[in-house]
Amino acid sequence: MRKLLLVVLVFSMLTACEEDIIVNEIELKDITSNMLINNPIIYEPTDVNITIENNSGAIESIVVYFDDEILLNLENNSSVNFNFNPELYPTGSANIKIEIIEKSGGVISKDYPITIHRKLLDVELDNYFFRKGNNDFMIFASAYDGSLLATRRIDSTPISFVLSTEVDIDLETPYMFTIASRNEFVDIEYANLYSIMDVTRSGFNEFRPKSPRRREYFKLYELKTIGFSEDVIISGSINPGYSTGYDFLDFSFSFIKYEYLNQDNTIDNYYINAYNRNTRQVSHMWINDDTLTNNQELNANELSTEDQFEGFVDVTYSDGLENGHTRNLQIKGYQNENEFNNNDYHEIWRSGHNTTQSPDMYIQPIEDYVLNTSFYKYSHFLHLEDYITNRIGIPLEKYNIPNWDLDFQIIDRQINLTVNGSGHNVGKLLISSGNSSDEIPTVEGRKSYYSWNINFDSNETSMITLPEVPQEIKNWSFGKFYNSSNLNVKWFRVERYENIEDYDSYLNQIIRENKILFQVSPLFEAKFISNDKYNDFMFDSDTFFD
């Protein structure tokens, strides 16, 4: 048979889930030699250029087949250019054949097997996306019946890849993807899972989340105080860059300054709140790094009541439920726009009450607070019965509670959701082992702590089928428990975000890059329902992935 040199050049924007499938050049002295682009997985359009060199006019035609279908048939040509779009063909194994018909009547052909996938997500994770100490990182996608669409083990970060599936899912069919990791010890395992439901290939095609703030280490300072007593005390606080504490026995002051792996701690002035239990007077002072490094004493005479304003919130609202009754108020201050954009706040006020009795038997009808008016900007968080809100600005005297009624029921791996009322667009579930010793399941002698946050469209989703997990997770303590037992739903809530019109907007404006709430919306509010006796959960609405 006549020898030809066939040079196949494949230029593509393709990447593969498991391996790079781009090959710059393949030379074939015999058309029976190398395999075209090494049996690739193809999930997006590919430009293919084929050139026949040194043919001396010996080619009658070039025919390109996809299985038995002719894609191209060119006569008297030494090159072929075509775009192969996998969306036009069924998923699974297929074959591309190049056939060269010589003028002498000879035929040279070669089959090139390929696999067609549907592209789900472009994923890009930075160094610190997963919690420090966690390992066994996984991402998997699931259909709504719970069946697996795709699985990817993430060996290290940073990493970029495409998650694709051999299942023939169209552009508008909703699916869910889940990020999972764990931290394990000899007798304890902590499993963390985050699921995003109601995503489509057309509406949400890339996931490039910014890492949450990751602490690297902290430095502890202990300072002596002058003039403080059992009555005049320093209020403990937890802030992004630092936290404070107070010892009631020797009246010493403790201060912790945090450093982070993925950003600088630029805070160098620290806000200290104090409270007189006899007069109920609130006062404050600022300290800085010099105070800490020079081990200066804190003098109660330096406390100030300047720039303070007293306000209150009407907390007479009752959800009518029989579980715990809670009122919590937190006010945060920012010294400049940079602190606000980075969520580097100073806690100005924190107060609250919780009881399992009737709220009118224990809780006052108003929640008082004291505000320092010298800050550049404010935000506040309010937890009032089954209502929570996080918004820019100082607290309101009275809140308009949305008329949303919720209920849920879990049977095996199916969760049925009921929502009455309009105006919300996002739903969330927390599935958790809890933290009390009588709640934590034990699997093969190991305590299995688990936390699974699920995010979904509250207007479209009334039933959630918890998905099958990959084999790697089935081998975890959590996976073994999940396979044999019912999980515990801690709470179900629906949410509204100002300036975010619908769930698709929420996905693209917040979830896609894991943005801080106030970077996108000045107001978040939600109502939730829980079967727990107490409902004083630590709600975090700053970012979904933490």
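Q: Hey, where does Asp136 lie, in which strand?
A: Asp136 lies in strand 11. Strands are DSSP runs of E with at least two residues, helices are runs of H or I with at least four, and both are numbered from the N terminus.

Q: What kind of model is this, and how are residues numbered?
A: This is a predicted model, where local features need pLDDT of at least 70 and side-chain atom pairs count only at pLDDT 80 or more, while totals for chains, interfaces and linings use all residues. Residues are numbered from 1 along each chain as its sequence is written, and side-chain values use heavy atoms, with hydrogens and water left out.

Q: Back to Asp136: what is its phi?
A: Phi of Asp136 is near 55 degrees, a positive value in a residue other than glycine.

Q: Is Asp136 buried or exposed?
A: Asp136 counts as buried, because its relative accessibility is 17%. Buried means under 20% relative accessible area, exposed means over 50%, and partly exposed is in between, using a 1.4 Å probe and protein chains only.

Q: Which other Asp has a positive phi?
A: Asp307 has a positive phi too, about 60 degrees, although it is not a glycine. Asp307 is found in the loop between strand 25 (298-299) and strand 26 (308-314). With 44% relative accessibility, Asp307 counts as partly exposed.

Q: OK, zooming out. How many helices and strands does the protein chain have?
A: The protein chain has six helices and 39 strands. Of its 546 residues, 52% count as buried.

Q: What about contacts between residues at least 6 apart in sequence?
A: In the protein chain, 69% of those contacts join residues at least 24 apart. A contact means heavy atoms within 4.5 Å.

Q: Which strand is largely enclosed by the rest of the structure?
A: That's strand 34 (residues 426-432): seven of its seven residues are buried, so strand 34 is largely enclosed. Both faces are covered, with Val426, Lys428, Leu430 and Ser432 buried on one side and Gly427, Leu429 and Ile431 buried on the other.

Q: How many bridges join strand 34 to strand 36?
A: Seven bridges join strand 34 to strand 36 (residues 446-457), and these two run antiparallel. Two strands pair if DSSP finds at least two bridges between them. Lys428 has Asn455 in strand 36 as its bridge partner. Strand 34 is also joined to strand 38 (residues 489-497) by six bridges, again antiparallel. There, Val426 has Glu495 as its bridge partner.

Q: What order does the open sheet of three strands have?
A: The order is 13-10-16, with mixed pairing. Strand 13 and strand 16 (206-207) stand at the edges with a single partner strand each, so one side of each has no neighbour in the sheet. Strand 10 and strand 16 run parallel and are joined by two bridges. Val123 stands opposite Phe207 in strand 16.

Q: Switching to rings: how many aromatic pairs does the structure hold?
A: The structure holds 36 aromatic pairs. Rings of Phe, Tyr and Trp (its six-membered ring) pair if their centres lie within 6.5 Å; planes under 30 degrees apart count as stacked, over 60 as edge-to-face and the rest as tilted.

Q: Why is the pair of Phe129 and Phe545 called tilted?
A: Their planes stand at 50 degrees, with the ring centres 5.7 Å apart, so the pair is tilted. The pair links distant parts of the chain, 416 residues apart: Phe129 is in the loop between strand 10 (118-125) and strand 11 (135-142), and Phe545 is in the segment after strand 39 (523-529). Phe129 is buried at 4% relative accessibility, and Phe545 is buried at 2%.

Q: How about Phe478 and Tyr482, what sort of aromatic pair do they form?
A: Phe478 and Tyr482 form a stacked pair, with 5.6 Å centre to centre and 10 degrees between the planes. Both lie in helix 5 (residues 477-484), four residues apart, which is about one turn of the helix. Phe478 is buried at 0% relative accessible area, and Tyr482 is buried at 3%.

Q: What lies over the face of Tyr482?
A: Arg413 does, at 4.0 Å from the ring centre. A charge sits over a ring if NZ of Lys or CZ of Arg is within 6 Å of the ring centre and within 35 degrees of the ring normal. Arg215 also has its charged end over a ring, that of Tyr258, 3.6 Å from its centre.

Q: Last one: which residues does a cis peptide bond join?
A: Thr157 and Pro158, with omega about 5 degrees. Pro158 is found in the loop between strand 12 (148-154) and strand 13 (159-165).
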